[in-house]
Amino acid sequence: LWVADMDFALPDEVLDDLRAAVDRGIFGYGFAGTRYYDAVQGWFENRFGWKTERSWFVQTPGVVFAIGAALQAFTEPGDAVLVQQPVYYPFAQLVEANGRELANSPLVYEDGRYRIDFDDFERQVRERGVRAFILCSPHNPVGRVWRPEELERVGRICMEHDVVVIADEIHADFTRPGHRHHMFPLVDPAFEDRCIVCTAPSKTLNIAGLQVANIVIPNEGLRRRYRDVLGKLGYLGTNVLAMEA
């Protein structure tokens, strides 16, 4: 059961649009248009209260790809990148494959749940000279939906030490009753200038194979650097069926 993939059909609303796209028979290059922005921005605002600007969005084939591109955009070879293990294993693989130094501030298992060791987190950032932090929120695999005060504390540490937060929020739609997901930039408006938020409909709607992720970068300077890396990697457009979905 290790693959985050579900063996049930997509919602009829999605399938109907995909069937209509197939019937048109045109599969050229895909680009984000008005319907895409209306859908994605409406989702964030309706579910999480986050009002976004169209200019903030960048599309990638997936969140793992997006994080790899972020490491290239915001860090240099040899820079330390912080993770919180146990965490989704590609994080460490990406850090090391890109020639960055892996820093780990392990989550602490206590009284049947995991918590952040804030003292260790800050020590790692300070002593290792961390340049980027990959935040997993909600956390995969421990299942924690981070509280606003937890996110604020790690965010403050990152702000004080000029650390870019790469927030993987792909599981934002999966919370149990009584728990609410808080998007990292909403915890403190100042965080918008030092973060990128990586999301995708792949887990929620079971469309991982269509290869699209919605990357939100409010800061123009960070967004420009990120787009430069995508250009160097040769990523020029999105999957036309993913845009329909």
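I looked up the accessible surface of the protein and found about 12400 Å², of which 49% belongs to carbon and sulfur atoms. Such areas come from the Shrake-Rupley method with a 1.4 Å probe, and for residues only the protein chains shown count as cover. I note that this is a predicted model, where local features need pLDDT of at least 70 and side-chain atom pairs count only at pLDDT 80 or more, while totals for chains, interfaces and linings use all residues. Residues are numbered from 1 along each chain as its sequence is written, and side-chain values use heavy atoms, with hydrogens and water left out.

Next, the overall build. I found 10 helices and 9 strands in the protein; helices (H or I, at least four residues) and strands (E, at least two) are DSSP runs, numbered from the N terminus. The radius of gyration is 18 Å, close to the 18 Å of the globule rule for 245 residues, so the protein is as compact as a globular protein of that length. The radius is taken over C-alpha atoms, and the rule is 2.2 Å times the number of residues to the power 0.38. I also noted that 48% of the 245 residues count as buried (under 20% relative accessible area, with a 1.4 Å probe and protein chains only).

Then I turned to the sheet. I traced 7 strands in an open sheet with mixed pairing, in the order E1-E9-E8-E7-E6-E2-E3; two strands pair if DSSP finds at least two bridges between them. Strands E1 (57-60) and E3 (101-104) are the edges, and each pairs on one side only. Inside the sheet, E2 (residues 80-83) and E6 (residues 130-136) run parallel and are joined by 3 bridges.

Last, the cysteines. I counted 0 disulfides in the structure, a disulfide being a pair of cysteine sulfur atoms within 2.5 Å. For Cys158, the nearest cysteine sulfur is that of Cys195, 10 Å away. Is Cys158 buried or exposed? I found 1% relative accessibility, so Cys158 counts as buried. For Cys198, the nearest cysteine sulfur is again that of Cys195, 9.4 Å away. Cys198 is buried, with a relative accessible area of 0%.

Terms used. Buried means under 20% relative accessible area, exposed over 50%, partly exposed in between (1.4 Å probe, protein chains only).
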